[in-house]
Amino acid sequence: MKRILTGIQSTNNLTLGNYLGAIKPLIDIKDELYLFIADLHSITVPFNPDELRENRINTALLYKSMGLDFEKNKIFFQSCVPEHNQLNYVLLCHSNLGELQRMTQFKDKSSKFSQENKTLTIPTGILVYPILMAADILLYKPDIVHVGKDQKQHIELTRNLAERMNKKYKKELFKIPEHSFNKVGSKILDLQNPEIKMSKSNENKKGTIFILDSEGDIRKKIMSAKTDSLDNVKYDEENQPGVSNLLTIYSSIKNISITDAEKHFIGKKYGDFKREVADTVVSELKKIQDVFYELKNNKVEKEKLMKQLKKNADECKKIASETIKAVYEAIGMNNE
Ligand code: AMP
Ligand code: TRP
């Protein structure tokens, strides 16, 4: 049995991209799964405490509604295990500015800030965020980190930091993790701009489907998704990125291959194709939404879930504190 680890931010609503890229592949997984709600990552950019409070709980309820098993898997809030922060600082002191500034995500995010404000308002959080991510991972010595393709560079940084420290202290302090992403559904693109990934932070909200979107909104967004003038339902990322993206969404939900999805839509007009993709997304998300609202309004069930999250965090803390102890010893801080 392998140890798999993944984290998802609690900022705002989860998107169809999060669900198909990161969560769905984990449901019914046979391996040991560590999955945390990365609430500390949610404060890397300016945030509102009331929203954070609400989003943390909603994210947990959504995971549950999507079918993740909170008893079998170690699902917890990142901030409930303070060792994440402890290792973060130690790793930060073993990193350099150049490797952090090189991160594509930092470049993208920081350019948005400087353009908007034309002044030095780039939050330091977005620069050091990959280090916290490395700490999240290395604490638990996972075999595999499950992430979307956009996170690959952060995993490489994690591996570099782990190797650097193992070498420096001549000890296997950390396991060098591999990363994995699902072949189909690993990257869902923005419906309006199929050059970029679907994300909660994309400016044009018409291109992003949120898990809690109304049926009307989901249909509208899919029906107005950008396609092309070729009128041929075919998977061709380069020439038909919009159509390919809809095929990816369809095949991920149906658990079929892209080729089978293509076959299914042979000869169909784009209007009919989109309508069927919309039906599929609506029916998948409606199942999740029904459970979510039921849970949200059930105080007893909600409290039960919170208790389970706390219990999971306590178990994770035991493992995390062993890693910290070994790291502190190696760097010369023997506190016991
Ligand atoms: P984020 O929403 O950026 O915090 O991402 C949380 C997880 O969902 C990560 O594993 C991402 O790689 C994954 N993810 C986010 N957006 C997408 C997307 N559009 N397609 C596939 N995976 C995604
Ligand atoms: N940075 C990840 C993302 O935006 C979320 C995350 C935080 C994560 N810590 C992690 C993912 C550790 C995997 C492992 O998608």
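**Ligand 2**

I looked up which element gives the most to the shell around ligand 2, and H6 does, with four residues. Helices (H or I, at least four residues) and strands (E, at least two) are DSSP runs, numbered from the N terminus. The model is predicted, so I kept in mind that local features need pLDDT of at least 70, that side-chain atom pairs count only at pLDDT 80 or more, and that totals for chains, interfaces and linings use all residues. Residues are numbered from 1 along each chain as its sequence is written, chains are lettered from A and ligands numbered from 1 in the order in which they are written, and side-chain values use heavy atoms, with hydrogens and water left out.

I listed the residues around ligand 2 (a heavy atom within 4 Å): Leu5, Gly7, Gln9, Phe36, His41, Tyr129, Met133, Asp136, Ile137, Val145, Val147 and Gln151. Strand S1 (3–9), like H6, supplies at least two residues of this shell. By class I noted seven nonpolar, four polar and one charged. Ala, Val, Leu, Ile, Met, Phe, Trp, Tyr, Cys and Pro count as nonpolar, Asp, Glu, Lys and Arg as charged, and the others, Gly among them, as polar.

I then checked polar side-chain atoms against nitrogen atoms of ligand 2. Tyr129 has one at 2.5 Å, Asp136 one at 2.7 Å and Gln151 one at 3.2 Å. Ligand 2 alone exposes 370 Å², of which the protein buries 89% (Shrake-Rupley method, 1.4 Å probe; for residues, only the protein chains shown count as cover).

**Cavity**

I counted one cavity of 30 Å³ or more. A cavity here is a set of points, on a 1 Å grid over the protein atoms alone, where a 1.4 Å probe fits but cannot get out; lining residues have an atom within 4 Å of a point. Grid points are joined across faces, edges and corners, and a volume is the space filled by probe spheres set on the points.

The largest cavity has a volume of about 50 Å³. Its lining consists of Thr44, Met103, Gln105, Phe106, Lys109, Ile126, Tyr129, Pro130 and His154. I recorded five nonpolar, three polar and one charged in the lining.

**Thr15**

I placed Thr15 in the loop between S1 and helix H1 (16–23). Is Thr15 buried or exposed? Thr15 is buried, because its relative accessible area is 1% (buried means under 20%, exposed over 50%, partly exposed in between; 1.4 Å probe, protein chains only).

Methods
1 Å grid on protein atoms, 1.4 Å probe; cavity = no way out; pocket = protein on both sides within 12 Å on 5 of 7 lines; lining within 4 Å. Polar contact = N/O pair within 3.5 Å; in protein donor to acceptor, adjacent residues only side chain to side chain.
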